[in-house]
Amino acid sequence: MGFRVVVHAGEEGPPAYIWNALDILHAERIDHGVQAIHDKALMRRLASERIPLTVCPLSNLKLCVFSDLSKHNLGEMLEEGLCVMINSDDPAYFGGYVNENYVQTFAALQLNASHAYQLACNSFEASFVSDAQKQSWRQQLDECFQRYGA
């Protein structure tokens, strides 16, 4: 039927939930996944298989996954080579559409233009569109970053 498998796992639950999502449900993408940081083998797998993680920092904050946004592990996950991106999660409930998640997360973690570039590239990679569309978006992003010297 063309449905893609995306599983909500590893926001509040342990890394085992992410393993199960991958091995039992054959997830192609994990919503959240921030608890993966506590399992080095899982981190290696996520990085090597380029399993995308749709991280929602303001949701994580509201649910007390992190006591403060400055303690969020998004930056560490990027440094470890994971295909993470910033998203919003039920904005009316958790507060903050995707732009607010970006603004607050960048301020709290002191992220920079290279992080923005990587997050954008990761989002293209994780999207369920054609390779040609991904390549087109990547080219536009590259042109923008070259034009503005970022």
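Contact here means heavy atoms within 4.5 Å, and angles run from 0 to 180 degrees between N-to-C directions.

**View 1. Helix α1 lies across strands β1 and β2 in this predicted model.** The helix, α1, runs at about 165 degrees to β1.

**View 2. Strand β1 has a covered face and an uncovered face.** In a regular strand the side chains alternate between the two faces of the sheet. Within β1, which comprises residues 6-9, V7 and A9 belong to the covered face, whereas V6 and H8 belong to the uncovered one.

**View 3. Strands β1 and β2 run parallel and are joined by 4 bridges.** Strand β2 covers residues 29-32, and in this pairing H8 stands opposite D31 of β2.

**View 4. Strand β2 is also joined to strand β3, by 2 bridges.** These two strands run parallel, with β3 made up of residues 53-55.

**View 5. The 4 strands form an open sheet with parallel pairing.** Reading across the sheet, the order of the strands is β1-β2-β3-β4. The edge strands are β1 and β4, the latter consisting of residues 84-86, and each of them pairs on one side only. On average, and with direction ignored, neighbouring strands of this sheet are turned by 25 degrees against each other.

Methods: Residues are numbered from 1 along each chain as its sequence is written. This is a predicted model: local features need pLDDT of at least 70, side-chain atom pairs count only at pLDDT 80 or more; totals for chains, interfaces and linings use all residues. Side-chain values use heavy atoms; hydrogens and water are left out. Buried means under 20% relative accessible area, exposed over 50%, partly exposed in between (1.4 Å probe, protein chains only). Two strands pair if DSSP finds at least two bridges between them.
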